[in-house]
Amino acid sequence: MKGAPVTSYQKLASRNQKPATGNQQLATSTQQPKLIMDFVDVDSDKWTQYSQYAGTPMSWIYALEGRRLADYERKVAERFDHSIFVTESEVKIFKNKNPHIKNITAIPNGVNLDYFSPTLSQLQATRNQQL
């Protein structure tokens, strides 16, 4: 359709087309940047869990959202070069749903509490400054 907006999904799909050949290669870059998807967690799994505890009709809506989002997550992971999740358990959930997708890694985030925990003397100094 002429004049229709191009969606992010269409842009992503066009990125994964076969490289140009012959003289076309001279006009395009030979090296494309790697695409990395930071999912953080498997959102579709949360919606599926919500559906198990919600009453009707919300359970139907949540289940539908879980299925639609799982399909979208799969499509994105298939088109990206690598996918990242925040825990190994999220990676396991995603791999169980999508065993054919291989480039998946867990990269934990958070705070190193040992490094950032104040000592007792630091806490006392802070309290004294506030008085």
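Modeller: Strand β1 (residues 36–40) runs parallel to strand β2 (residues 82–85), and 4 bridges join them. Elements are DSSP runs numbered from the N terminus (helices H or I, at least four residues; strands E, at least two), and pairing requires at least two DSSP bridges. The model is predicted, so local features need pLDDT of at least 70 and side-chain atom pairs 80 or more, whereas totals for chains, interfaces and linings use all residues. Residues are numbered from 1 along each chain as its sequence is written, and side-chain values use heavy atoms, without hydrogens or water.

Between β2 and β3 the chain passes through α5, a right-handed β-α-β crossover (clockwise from first strand over helix to second, with the strands pointing away from the viewer).

In α5, Glu90, Val91 and Phe94 are buried (under 20% relative accessible area, 1.4 Å probe, protein chains only; exposed is over 50%, partly exposed in between). Down the axis of α5, these residues fall within an arc of 100°, so they line one face (the arc uses directions from the helix axis to C-beta atoms). Glu88, Lys92 and Asn96, on the other side of α5, are exposed. The cover over the buried residues of α5 includes β1, α4, β2 and β3. Beyond four places in sequence, Phe94 touches Val42, Glu73, Ala77, Phe85, Ile101 and Ile104 (heavy atoms within 4.5 Å).
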